Amino acid sequence: SAQWSGNMIGIRQPRQTYHRAAGSLGWSFPAALGAKCGAPDKPVVVFIGDGGFYYHAMELETARRWGINIVVVLNNNHGLAQGQRTINAAYGNRQGRQQELYEFSDFSFEKFAKEFDCFGATVDNASNFAKTFKAALASNKPAVIDVRTQFTAIAPDPWLPE
């Protein structure tokens, strides 16, 4: 997800900040909790993939218990899609079950969030995102927006200096 956000999020205001957690899968969710504790009066939004969120998802209960109200925008493509290129390259032409390394079964992060008394919603159409995002911010709870995306969509390669 860091590749998506690094390429697509525009910084438009002088005081707006963006911290990219590339290369440390799952780190951005607990980092966002820490950022909210350090800046409790500011909105904190984290963009993370389903694979990364699985690493620390249980901290959603901690967030609810301590009132750490962040918004998680979860790219739920049912897998570690960005990793499939390197995994398949490592396998080469050998036959195997490499898909088991990066494909996940269907899971409702909306239901998961609601089980912890957090805000949970699913977005499967981009036109519904803005309304859902506003509701998440206004919920005064930790929020998870389960954004259903296509597994086959691969983020563009990151920008590199010439």
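This section describes the nonpolar cores, strand pairing, aromatic pairs and salt bridges of a predicted model.

The largest nonpolar core comprises 19 residues, and F29, F53, L60, I70, V72 and V144 have the most contacts inside it. Two or more residues of this core come from each of helix 2 (28-38), strand 1 (45-49), helix 4 (59-66), strand 2 (71-76) and helix 6 (109-115). When residues up to four places away in sequence are not counted, F53 touches F29, I48, V72, L74, F109, F112 and V144. A further core of 9 residues lies apart from the largest one and includes F119, A143, I145 and V147.

Strand 4 (residues 143-148) is mostly covered, with 5 of its 6 residues buried. Strand 4 pairs with strand 2 in the parallel sense over 6 bridges, and N76 has R148 of strand 4 as its bridge partner. Strand 4 also pairs in the parallel sense with strand 3 (residues 119-123), over 5 bridges. In this pairing, G120 stands opposite V144 of strand 4. Between strand 3 and strand 4 the chain passes through helix 7 (residues 129-138), forming a right-handed β-α-β crossover.

The structure contains 8 aromatic pairs. In one of them, F29 and F53 are arranged edge-to-face, with a centre-to-centre distance of 4.9 Å and 65 degrees between the planes. F29 belongs to helix 2 and F53 to helix 3 (residues 50-56), so this pair ties together parts 24 residues apart in sequence. F29 counts as buried because its relative accessibility is 0%; F53, with a relative accessible area of 0%, is buried. The rings of F129 and F133 form a stacked pair, because their planes lie at 25 degrees, under the limit of 30 degrees, and their centres are 5.7 Å apart. F129 and F133 both belong to helix 7, where they are 4 residues apart, about one turn of the helix. F129 is partly exposed at a relative accessible area of 26%, and F133 counts as partly exposed at 21% relative accessibility. One aromatic cluster is formed by F29, F53, Y54, F107, F109, F112 and F116.

A search of the whole structure gives 6 salt bridges. In the salt bridge between D106 and R148, the closest N and O atoms are 2.7 Å apart. This pair links distant parts of the chain, 42 residues apart: D106 is in the loop between helix 5 (84-91) and helix 6, and R148 is in strand 4. D106 is exposed, with a relative accessible area of 56%, whereas R148 counts as partly exposed at 26% relative accessibility. R148 also meets the side chain of D146 in a salt bridge, at 3.2 Å from N to O. D146 is buried, its relative accessible area being 0%.

Within helix 6, E110 and K114 are 4 residues apart, about one turn of the helix. These side chains form a salt bridge in which the closest N and O atoms are 2.9 Å apart. K114 counts as partly exposed, with a relative accessibility of 47%. Elsewhere, a network of salt bridges links R64, D117 and K141.

How values were computed. Residues are numbered from 1 along each chain as its sequence is written. This is a predicted model: local features need pLDDT of at least 70, side-chain atom pairs count only at pLDDT 80 or more; totals for chains, interfaces and linings use all residues. Side-chain values use heavy atoms; hydrogens and water are left out. A nonpolar core is a set of buried Ala, Val, Leu, Ile, Met, Phe, Trp, Tyr and Cys residues joined through side-chain atoms within 4.5 Å. Buried means under 20% relative accessible area, exposed over 50%, partly exposed in between (1.4 Å probe, protein chains only). Contact means heavy atoms within 4.5 Å. Two strands pair if DSSP finds at least two bridges between them. A crossover is right-handed if, with the strands pointing away from the viewer, the path from the first strand over the helix to the second runs clockwise. Rings of Phe, Tyr and Trp (its six-membered ring) pair if their centres lie within 6.5 Å; planes under 30 degrees apart count as stacked, over 60 as edge-to-face and the rest as tilted. A salt bridge is a side-chain nitrogen of Lys or Arg within 4 Å of a carboxyl oxygen of Asp or Glu.
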